[in-house]
Structures are given as C-alpha cells and as structure tokens.
Amino acid sequence: MVTQPLRESARKAVDGASVIEIERISKRFRSAEGAEVTALDEVSLKISAGRFTTLLGPSGCGKTTLLRAIAGFEDPDAGRILLGGADITRTPPFERPVNTVFQHYALFPHLSVEENVAYGLEVTGVARSTIRPRVAEALELVRLGGLGNRRIAQLSGGQQQRVALARSLVLQPEVLLLDEPMAALDRNLRKEMQVELKRLQNEVKIAFLCVTHDQEEALSMSDTVVVMNRGRVEQIGSPRDIYERPASRFVAGFVGDAALIDGTVTGADASGAALALADGSVIQTRKADLAAGSPATAVLRPDRLTLLADGREAPHVLTGQVRSAIYLGDKIRLDADVAGCGVVVLCNGAAEVPAAGATVRLAYDPADVQVVTQ
Amino acid sequence: MSATPPISRAERRRRQSGLALLTPSALLLACLFLVPLGLVTVYSVMTRGTYGGVVWQIDFDSYARIFGLPNEDELRDWDFIYYGVFLRTAVIAGLTALIALVVGYPAAWFIARAPRRRRSALLLLITLPFFVNALVRIYAWMLILRSDGLANNILLWLGLIKEPLTLIYTPGAIILSMVYQYLPFMVLPLYASIEKLDPRLVEASFDLGAARLTTFRRVIVPLTWPGIAAGLVLTFVPAFGNFIAPTLIGGSKQLQVGTLLAQAFLSARDWPFGAAVSTILGVIVLVALIFMVRSDRGAAGKGARS
Ligand SMILES: Nc1ncnc2c1ncn2[C@@H]1O[C@H](COP(=O)(O)OP(=O)(O)O)[C@@H](O)[C@H]1O
Ligand SMILES: [Mg+2]
C-alpha cells in the first residue's frame, strides 16, 4: 500500500457535493424526572464535501445529540442518515467513516501522543509500515512534531486539542465532527485556534461539522452556518445570510445584537411595506411580499441606526426613550425603548451622550430594515 | 522516559507529613503482622517438640521434607509429594481467581454503569454473603451439593439426570464454593476501577474504528488493570491458604496447602513443619503482591502493546 499524503488526500466526494444527508431525524430522551425531552425534532441537513459547516445554537438545543447521531452514538427515533447515498442510520460507530473530536478530547491517558494518533490506524488494520509516516505527518500537520513521545497528562489544553485533531484527521474521515472544540480553552488561545482550525480545514479539504454556541466563532470560521433552536433547524446559510437576512426572530436575536421591533404589516406592495408599531408610529422597509395585516418584526443592526442631533432632519426616523447610554470611546452604546421594544444603537463617539430618560430620534434607511414573520 | 524532576521543598514536606500519618498503621502492622511472621519463620527452622511447640535447636529438616530431600536419620527417601500439593493448590486457587474475574467483571461493569442512586444498593447486595458466618455458608454449600442435596434433586426432577451426580468432594466443588466466597473481593476493586473509567474513552475507541472486542482489549482492560490485578491477588491469596473449603467441600480427599497447615498444627503437632509451610505460603503471597504492583506500573506506563 502506498502512503496517501494527508494534505492531498483524494476525497471521494467532489467539493461542494453533499457527503452526509440527514433526513428528518428526531430523538427524544426521558429525563431523570421522567419528563420527555425532544432533543431533535425532524432535523434535515446536508453537509457539503470539503466545506466548514457550523452548528450554532444555545445550550441544550440538541447540537451534541445531532453530532452523536451522525457519529453513531445515538439511535434516532425517526429519520435517516445517508453517507454518500448509503443509509448508515443503523451502522455501528466503528464502521462509519466519520471521526469525532470530543468536547473534552477523550484522549487515551495510557497511551503516548504518538500511540493515540496511531490507534485508529492500528485497529483498522492499516499496514504497519505505513503507520509511522502517517502518524508523523499528522503530528506535523497540527504542529506537534517532536512531541510524539509525551504522555497526555504532560500536554497543555491547546496541545491536547491538537492531538485530538491529529488522531481523527490521520484516518481521513469523510466528515470530521467537532463538539465545542474551543470550550475548554482560554480566551486568547481560542482566537488562535479558530484561525488554526480554519487553516487545517483548508489544507486537508475534509468536511468539518463544528458545534458551537458562540455566534462570533460560527460567523468567522464557517462556509455554512446551521442555526438550531429547541431541537429544530431555524436557518441554514452563509454567515452573511444568517447575519443580514435572518429567517426568524430567533436567528435575528441570537446572531449578533439587533433591534427587534414588533409591529403589524400595513400598506405592503412590490416596492416595500410599512409596519405599524404599538405607539402608532410606522417603520418603512424595502422588503416586499409581506401580507398586510399580519404581525411582523423589524430587524435593525445597531450600526444601522444613527442618532439625530437636534434640528437635523432625516426622511425616516424612529422616536424612543433612552434607558441607558454608555460611552465607549470611539462609540456610544445606547439602549433605548422604541414602541415598547428594546433597541441597541451604536453611534459615533463624537456625538453628545444623551441622558437616561431623554427622548432621542433615530434615523434609518428602509433598505437596512429586515423583516421576520416568525 | 523523562528524567525525574527535582523534588521541591514543599513536596518533600508533604511527603514527610504523609509518612507521619502512616505511623499508627505502621506500628499496628509491625505488632500484629511482622512479629508473628518473624516468629513463624524462626519456628520453621527449629526442632519439633513432642507435644507441640518447639525445642530451641536449629533444624532445617522441615524444609528438607517439603522440598523432598531424603533424611537417613528419619529413614526417609526422596519424596516429591509436597510439590504436588502446592501445585494442585496453585491450580485450584488460580482457577478460582480467574473464574471470579470472568464472573465478576460483567457484574462490576453493570454496577458501575447503573444509575448512581442504585449503585450503593447493588454493592450492598454483592457484600451480602459477608453477613453470614463463613462456616454456615460452607454448610449451605454442602447441603446443596450433597448426593441427596438440592442441586441433584432439581436435576433429577427436571429429568436431566437419572442418577445423582458426584458434585461434592470434587475440585470443581471446592472452586465453586471459593468463587462464591471470594467474589466480593473481586467485584469491589473492579467496581472501583470501572467507575473511574471515562465512558467517553470507550466511545472515542469506537469512533476511531475499534470494534467491541478490540476496544475491550486495548482501552478497557489497560485502564481497569489496577482493579483486575487487585481482584486477582485478593482472591488468589486467600484461596491458596483456605483449609475450610478443601476439608468440608473437598472432603480432604486430596491434600491442599491449607489442609496441610491445619493438620501440621492441630493433629500432627508438628509446629516447625507447619511454620515452614506457612513461610513458603508467605513467599508465594509476596510474589503475587509484587506481580500486582509490577503489572500495575506496567499497564499505566506502557499501555497494552499486544
Ligand atoms: N442522554 C440523555 N438523557 C436525557 N436527556 C438528554 C440526554 N442527552 C441530551 N439530553 C437532553 O436533550 C437536550 C439536548 O441536549 P444536547 O444535544 O446535549 O444540547 P447541546 O449540545 O445543544 O447543548 C437537552 O435538553 C438535554 O438535557
Ligand atoms: Mg453540547
């Protein structure tokens, strides 16, 4: 057998084609108190070859359960998991060409770094002569060359994570599953490892499916973000899609700061619509195809609202009361109340800091107003 | 391997206070264990007294007898009978330990993986036999295994056999009763080891492509090895010296080390000979303990490379 270099490994699936298809899988648990918990509720998802996909959602929304179902550690109650078109829903974990970087890495404490990385090759019957070079290459890839003889207990958290990555990547899985890989690292290291993880993924071109509850991490690392909430998929899209065109109130609120202003659609036509707010004022949007009379929520990012100085006018203005204002140097962070809804505004630091309780006028551009209806 | 790091002063102080805490148990051990042990060793090289006890005159003849050397004064020729006794006892004790391991491991696994609140109840059940006097338990086994006992009656009633089987007074019966008797000594250390085993490591092994048996051999056994070694020693050692089971269940048909000992002290009144048997038994126990410590360090250090 010829050693296949990890970097140029000939992946079976073409870049962008889906390697894993998840079809409407559901999973319920019975909690210790006997109550039923729906961890996954008809989740459907495609994972593309060679891409970085992130599962983003609050704690307890079913991310780990979904990952474990793909790895083979949870039996879904309903639905199918396809790998390259073949049904692997009932395949035991040790027969799936999928590997996991566990949340706390789960490295074997009785084996050295090298032995940990060699483990998967040895147990799957890879020819002995090719194991050494492949292990060395994998360690080189995660920049741990020279630490092969260390014991696991002698490594720092960041180094342990690299061993876990090498241990999985050396097997050239169809998909690498990562469960909150940064959770156990301190803040500075986390930033560094985000860059590192992205570099690795670019280099090996293996599909990564990475779980996180940190929206910044999700936006910065991924090609595709899957937002989950309460066991359901809320939205699948590029980081830009998710941020700029949220599909639901939940996504808009979870991904980044946003002003969420509830109202009712009035005067909708092909060029846009207006939302009537609780205080009788109106907010304009360029979003078309809204049903008049239905409830909807306007979504405005904090940097898209401008504080209007006295005497200045703008075509589109909202009026609100200041709850608090914080001077941040280059910016002022304003928490205001507009028509009973909390609104965050980041405005130019040169402006005067308004006092709490003061009435402020906020200018906006209807093109920046996103609308979600659920 | 890495070099031993220099010991800091705080570390040295910590070790010293650790030693201080050991003092009471060390003293207790010295009085109740080392002194009698020394006494037995001294007795073993003395001359036999006529009505028990010893005459204070050095004589290595007890060892000569055990090792089968001839002695012209006693008209004794070469005789290797005691090798057979030790060997048979070792086989029976070894089988007892191995069977206890095979039976005990799944039980310990089951308890360690049961819901936390149910574990202490299950552990209590495992130790339940300890609440009954050892002799009573042995008599219970005799009642079960006798030719007109419970086991034979059930087999006859089920029609599986026509004639009662010879169950009691066989090596199998001895092993069965000892496995029963020492099973808690196997299950408890195994439980302690298995409970400490992180289930995610088992999942990681599956994830990396190792099927169940490979995972058991390469991850579960090495990581629970301290419990396995402790269990083996804790069952092998008392099984080796046991004299109740060979006497009552085995019917003393074949001599074992335990029976040999009891006879030497109680009926033959040959204290030096009994003491010599005890000393050799002590050496075997010591070897078993060294095996445990050694293999433990081996498993922790090198991993299962097989
Ligand atoms: N083995 C289990 N038994 C009972 N409930 C579970 C189990 N695993 C997960 N759950 C429940 O399922 C839900 C989803 O859990 P999880 O997938 O771990 O969420 P996340 O990883 O997104 O934080 C949670 O409410 C959790 O309590
Ligand atoms: Mg989780």
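Predicted model: local features only at pLDDT ≥ 70, side-chain atom pairs only at ≥ 80, totals over all residues.
**View 1. The interface of chain A and chain B.** Here 26 residues from chain A meet 27 residues from chain B, where contact means heavy atoms within 4.5 Å. The two chains bury about 2300 Å² between them, 57% of it on carbon and sulfur atoms; buried area is the accessible area (1.4 Å probe) that two parts lose on being put together, summed over both. On the chain A side, look for A:Phe94, A:His110 and A:Tyr119, which lose the most area to chain B and together make up 32% of what that side buries.

**View 2. A salt bridge between the chains.** A:Glu122 pairs with B:Arg218 in a salt bridge, with 2.7 Å between the closest N and O atoms. The term stands for a side-chain nitrogen of Lys or Arg within 4 Å of a carboxyl oxygen of Asp or Glu.

**View 3. What chain A brings to chain B.** At least two residues each come from α1 (63-71), β6 (98-101) and α2 (113-123) of chain A, and α2(A) gives the most, with five residues. Helices (H or I, at least four residues) and strands (E, at least two) are DSSP runs, numbered from the N terminus.

**View 4. Two domains of chain A.** An automatic or database assignment sets the domain bounds, giving domain 1 (4-97 + 173-249) and domain 2 (257-372) in chain A. Their centres, taken over C-alpha atoms, are 35 Å apart. Eight residues of domain 1 are in contact with seven residues of domain 2, and the two domains bury about 660 Å² between them, 49% of it on carbon and sulfur atoms. Of the area that domain 1 buries here, 77% is supplied by A:Tyr243, A:Pro246 and A:Arg249, more than any other three residues.

**View 5. The salt bridge between the domains.** The count between domain 1 and domain 2 of chain A is one salt bridge. The side chains of A:Arg249 and A:Asp262 meet in a salt bridge at 3.1 Å, N to O. Helix α7 (residues 239-244) of chain A gives the most to the domain 1 side that touches domain 2, with three residues.

Conventions. Residues numbered from 1 in each chain as written. Chains lettered and ligands numbered in written order. Heavy atoms only, no water.
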